[in-house]
There are 4 protein chains.
Amino acid sequence: MNSFGTIFKISIYGESHGNQVGVLIDGCPAGLAISEKEFSNDLLRRKSGAKGTTTRIEEDKPIIVSGVFNGYTTGAPVLISFLNKNTKSEDYKDLFNFPRPGHADFTAKMKYGGFNDFRGGGHFSGRLTLGLVAAGVIAKKLINPISINAKLTVAGGETNVEKAIEKAIKNEDSIGGIVECIAENVSVGLGEPFFNSVESVLSHMVFSIPAIKGIEFGSGFGSSKMYGSEHNDQLIDATGKTITNFSGGINGGITNGNPLIYRVAVKPTSSISKVQQTVNLSSGEKEELKITGRHDVCIALRVPVVLEAVTAIVLTDLMMLEHKIPTVIPNNSTR
Amino acid sequence: MNSFGTIFKISIYGESHGNQVGVLIDGCPAGLAISEKEFSNDLLRRKSGAKGTTTRIEEDKPIIVSGVFNGYTTGAPVLISFLNKNTKSEDYKDLFNFPRPGHADFTAKMKYGGFNDFRGGGHFSGRLTLGLVAAGVIAKKLINPISINAKLTVAGGETNVEKAIEKAIKNEDSIGGIVECIAENVSVGLGEPFFNSVESVLSHMVFSIPAIKGIEFGSGFGSSKMYGSEHNDQLIDATGKTITNFSGGINGGITNGNPLIYRVAVKPTSSISKVQQTVNLSSGEKEELKITGRHDVCIALRVPVVLEAVTAIVLTDLMMLEHKIPTVIPNNSTR
Amino acid sequence: MNSFGTIFKISIYGESHGNQVGVLIDGCPAGLAISEKEFSNDLLRRKSGAKGTTTRIEEDKPIIVSGVFNGYTTGAPVLISFLNKNTKSEDYKDLFNFPRPGHADFTAKMKYGGFNDFRGGGHFSGRLTLGLVAAGVIAKKLINPISINAKLTVAGGETNVEKAIEKAIKNEDSIGGIVECIAENVSVGLGEPFFNSVESVLSHMVFSIPAIKGIEFGSGFGSSKMYGSEHNDQLIDATGKTITNFSGGINGGITNGNPLIYRVAVKPTSSISKVQQTVNLSSGEKEELKITGRHDVCIALRVPVVLEAVTAIVLTDLMMLEHKIPTVIPNNSTR
Amino acid sequence: MNSFGTIFKISIYGESHGNQVGVLIDGCPAGLAISEKEFSNDLLRRKSGAKGTTTRIEEDKPIIVSGVFNGYTTGAPVLISFLNKNTKSEDYKDLFNFPRPGHADFTAKMKYGGFNDFRGGGHFSGRLTLGLVAAGVIAKKLINPISINAKLTVAGGETNVEKAIEKAIKNEDSIGGIVECIAENVSVGLGEPFFNSVESVLSHMVFSIPAIKGIEFGSGFGSSKMYGSEHNDQLIDATGKTITNFSGGINGGITNGNPLIYRVAVKPTSSISKVQQTVNLSSGEKEELKITGRHDVCIALRVPVVLEAVTAIVLTDLMMLEHKIPTVIPNNSTR
């Protein structure tokens with residue numbers, strides 16, 4: 001079940017300390033100009049999000065294995081892979097028996113009978129989001145003229161992100177944050193009532209990103225404190241424009257032409273250098289655990305570009321269902 | 001796209017002022033004892049949630065049309081339908097040109113080219129949740145021994161729900177709320193990494209419920225203010241039990257055996273009796289709109305039973321994928 | 001798993017001797033004019049196929065339960081149901097222990113642990129094809145300008161169908177046949193390489209029809225005796241027209257603009273009046289079985305209209321994927 | 001749409017003259033012992049099928065990129081890739097404008113607006129079946145104790161396959177054939193009524209294999225000439241064993257415990273050395289085409305191992321749906 005999408009389908013594969021991670025994209029229209037260098041900006045944003053942070057340096061160079069010919073997508077599946085080079089597996093050899101709090105070590109071992117690749121979290125690693133970002137680069141081109149921007153607005157409960165991170169570094173601890181994502185120029189009519197509402201498919205994808213604990217659209221949790229007379233967005237004109245945007249650009253699960261707005265809560269990075277308590281899964285005894293190496297102080301810093309990616313992926317699929325993206329991209333397209 | 005699920009699949013159909021609403025359940029195991037009277041408790045909870053509220057009284061009697069024989073499911077698709085009797089369509093005749101703020105009237109008209117059944121919201125009506133509740137009754141039996149309980153904990157920003165509602169009635173306005181849902185006795189190992197994480201599939205279904213604006217698991221949005229050293233749930237024993245439960249019972253998208261906990265934000269009911277502004281979609285002119293009739297003051301009152309239902313539906317599918325529910329229910333089962 | 005399709009999805013439900021059979025159609029565009037009387041021609045063809053045959057007379061009147069408003073589809077799911085009235089269940093009471101050769105009585109009992117509705121074959125009954133024919137009527141309107149025609153060309157091994165049937169009646173036996181289906185005006189480019197080739201999706205649907213034992217496209221089994229130099233269809237012009245059509249209108253799984261041609265083999269009706277051997281599933285003893293009542297001598301007579309229906313359903317889905325059917329049917333459309 | 005399966009899902013990617021072809025397998029249980037050398041037998045059968053034949057020699061060495069750790073599957077997606085080394089793309093440079101009869105050159109160009117990788121058929125190449133065979137090797141281990149055997153029984157209309165091929169070589173032409181596939185030790189109860197009948201899902205996958213023109217189960221097309229009294233398989237005992245097996249091991253879409261038997265028709269190889277007629281797609285003029293290089297005389301020789309693979313893949317999925325394959329393979333398993 002490592003795939004998502006109805007027409008524009010993505011599947012991710014790989015492990016943190018295996019040979020590769022990557023993404024297989026099925027249903028990408030033919031004729032989209034695409035080159036490896038177009039990925040660098042978003043891949044760099046994902047990497048450099050990691051301030052005060054992990055010393056694992058990977059090149060993160062995308063290899064377009066299939067589905068692109070002479071610089072254009074062919075209509076066949078696009079496989080994009082990233083080689084893992086800088087792996088130090090011995091760091092993780094104890095994870096099999098000593099699960100790290102907050103990580104998937106315990107659940108993965110139970111679910112897969114101990115056969116899971118536990119090195120660095122294996123298939124559960126945040127490194128898998130490389131494939132999401134890569135697919136997002138393609139999706140962003142397809143959803144033209146929609147523009148998507150995500151931003152870390154709060155870290156550790158403070159709006160001064162820089163300061164909060166410095167404080168966390170000093171405390172040798174990790175902090176979480178809130179990331180807001182806005183998509184503009186979204187046409188009216190994307191999404192379906194009920195099971196494929198925009199909120200449903202977006203949240204489905206968003207919770208694929210590790211460390212996300214919550215999502216809210218428009219007024220979100222604040223709506224629970226409002227009166228209906230305040231909350232209802234009053235229409236201004238027949239294009240659907242409203243004065244306020246508490247709906248977050250969605251009514252009845254369907255985009256209404258106003259900006260699509262949502263926010264996510266990101267938990268503090270689970271890997272911290274402080275001593276924690278765990279259990280030896282062989283003996284059942286409680287044990288102290290000290291995670292060595294340096295890790296992201298605030299994983300939320302890396303989330304914006306991933307959030308943009310999954311938003312673009314979801315919107316691509318929804319636009320395709322509404323015939324808003326052609327099955328073959330015309331030659332002179334600006335996409 | 002009015003269906004959901006991998007093995008246990010549900011599809012809903014119908015319109016607020018059509019002949020019926022209902023649900024088609026595919027993939028229900030054979031051998032589950034089921035009778036129409038078993039639905040009455042949850043259907044009543046859904047109905048009587050509507051305090052201070054709509055005068056539309058429907059019998060909400062489920063008709064099991066197919067898939068049940070001699071009191072047991074047969075393994076064939078189960079169709080459950082509810083007749084609409086108490087419809088007064090003339091009340092809604094203006095909705096075609098005068099969309100109600102906060103409703104899907106505008107987006108539905110745009111998406112379906114004006115062909116949508118706009119009476120009472122048509123297919124977008126909250127009445128469609130009858131099918132969800134009905135499917136939930138079956139799902140709750142299947143997921144035995146898991147128990148699910150949802151509760152409205154906050155209304156209009158206050159923990160005294162009764163008082164908040166009285167106040168809203170006095171103000172002739174509507175209010176929102178927060179509903180918490182807890183599933184206990186969940187086994188370890190449900191869910192998949194990434195795209196079919198428990199959070200992904202649960203949020204997908206939860207946002208199918210009208211009026212939901214946000215969802216958070218465990219620590220949720222509060223996690224963004226915590227340190228990692230506080231947030232990480234420390235393990236107590238080799239069964240995965242933890243001291244705290246900020247994870248909400250899920251690590252890496254997979255259940256860890258602790259209670260599954262999440263909360264949703266419900267917006268204030270969109271239908272209010274106060275005069276609102278809309279636009280005449282024919283002329284493009286602004287118009288005043290007064291919604292007549294009485295409506296739910298706090299739609300969040302009806303949400304708990306629906307939330308339990310979709311949680312049970314999702315868990316059924318996840319348990320089936322893990323072979324935790326047999327393909328044929330044994331005769332002497334307590335399910 | 002009683003559903004099929006990617007965008008145009010159909011689900012069937014019901015039992016031979018239950019209250020209803022029917023079909024739920026999801027993904028039908030809004031704006032298609034549809035009335036119950038448009039179904040009568042194909043429903044009658046399905047019924048009157050039954051020459052020399054079953055005395056069970058059902059009205060087969062379609063009830064459009066949802067998804068149609070003021071004579072047009074709304075974009076919401078379309079439920080079409082057929083009431084079962086003329087059921088005589090006592091005829092079938094022995095099927096539980098004495099499975100009829102050639103029928104699903106044995107496999108259904110095993111698969112569903114004896115909980116299946118065995119009366120008249122239950123959910124396995126050919127009566128379920130009513131839903132397919134009904135969905136086909138809608139699909140045929142959507143795929144305009146494609147026209148589909150299926151015909152029983154051979155019965156009991158003879159091209160004189162009438163005579164073969166008379167002979168079978170005289171012998172108190174049943175016969176099979178071959179039905180050919182041709183779709184014309186199919187545009188180039190429908191279907192996908194490999195898993196969603198036109199042959200793949202069409203055969204998937206065709207084998208949903210009871211009693212089908214084989215399918216062949218174009219040259220079919222005859223191709224195995226041909227030389228490549230004979231078999232290759234030579235192109236005439238740049239529109240893809242070919243001199244011969246051994247490909248059956250498909251190359252590499254994708255339509256090439258020539259007529260789509262395939263044939264199916266239909267086995268002789270399994271219900272015959274001659275004494276047959278079965279096994280008492282309780283005791284394990286061999287038993288003689290005599291099926292009473294009259295049955296279709298040649299079920300293949302009923303197949304053409306069902307074949308046309310499933311072909312139209314599949315082509316609808318494939319055309320939607322290529323944006324050849326609009327998401328909203330324009331008002332002045334001839335569909 | 002380059003993927004197939006409900007729980008055991010496979011996706012194929014790559015092009016004949018690109019860097020790689022391969023398969024991504026999702027849903028493989030953890031704990032299955034697997035090594036690269038286990039693939040060699042079936043990969044060799046696929047390759048050496050090519051008698052009298054193509055001089056393209058590829059190493060066909062599988063690279064297990066992900067999803068396997070310490071010799072066992074981990075439960076994460078398994079990516080298996082094959083490098084293309086021996087590519088001579090200049091041979092194919094004219095295919096863009098001069099489509100080869102019987103190939104997908106024309107349909108692919110039309111469908112993908114000329115952006116498809118046309119070299120050697122690109123993504124439509126038979127080389128993509130490498131991925132199917134590789135996935136089949138894994139599937140064959142999972143479906144234990146089912147054994148599957150496929151065999152070319154007829155070539156060029158003759159049962160003496162050797163002789164038929166010699167004759168075709170002498171004639172500088174190509175021939176087709178008939179391949180029979182038998183699966184033994186299949187348990188009762190796999191498959192679903194209607195849309196996921198065993199015939200439906202098997203034929204869906206079988207027609208993914210290039211060059212297949214027809215499929216028939218059990219009596220197949222011969223059934224159309226039989227009387228019902230001959231065709232009905234009479235039961236012998238309560239396990240479902242029958243005297244004859246005209247049903248091919250399937251009743252009502254569900255396996256009955258008797259051997260699963262089907263046959264496919266394979267067309268003559270489309271690439272022949274004789275001069276053929278095509279059309280210059282730029283000018284619209286008719287042109288003569290001579291395909292250089294040597295090609296498989298009888299592609300049907302390569303089909304048996306691919307047929308076994310897709311049968312195993314389909315049975316894996318069906319067995320998983322019936323819980324006949326555990327979610328984690330026990331350590332001491334003979335699989």
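These questions and answers walk through a predicted model.

Reader: How many residues does chain B give to the contact with chain A, and how many of them are charged?

Author: The contact takes 83 residues from chain A and 84 from chain B. Elements giving two or more residues to the chain B side include helix H2 (105-111), strand E9 (177-184) and strand E10 (212-217). That side divides into 34 nonpolar and 39 polar residues, and the charged ones number 11.

Reader: Which residue is the bridge partner of Glu216(A) in E10(B)?

Author: Strand E10 of chain A, residues 212-217, is joined to E10(B) by three bridges. The two strands run antiparallel. For Glu216(A), the bridge partner in E10(B) is Gly214(B).

Reader: Which strands stand at the edges of the open sheet in chain D?

Author: The sheet has five strands in the order E1-E2-E3-E7-E4, with antiparallel pairing. An edge strand has a single partner strand, so one side of it is left without a neighbour in the sheet. Here the edges are E1 (3-4) and E4 (63-66) of chain D.

Reader: What is the bridge partner of Phe4(D) in E2(D)?

Author: Two bridges join E1(D) to strand E2 of chain D, residues 9-14. These strands run antiparallel. In E2(D), Phe4(D) has as its bridge partner Ile10(D).

Reader: Is Pro259(B) buried, exposed or partly exposed?

Author: Pro259(B) lies in the loop between strands E12 (254-255) and E13 of chain B. Buried takes 20 or more C-beta neighbours within 10 Å, and exposed takes 12 or fewer. Pro259(B) has 15 inside 10 Å, so Pro259(B) counts as partly exposed.

Notes: Residues numbered from 1 in each chain as written. Chains lettered and ligands numbered in written order. Predicted model: local features only at pLDDT ≥ 70, side-chain atom pairs only at ≥ 80, totals over all residues. Contact = placed C-beta atoms within 7 Å. Helix = DSSP H or I, 4+ residues; strand = E, 2+ residues; numbered from the N terminus. Nonpolar A, V, L, I, M, F, W, Y, C, P; charged D, E, K, R; others polar. Pairing = 2+ DSSP bridges.
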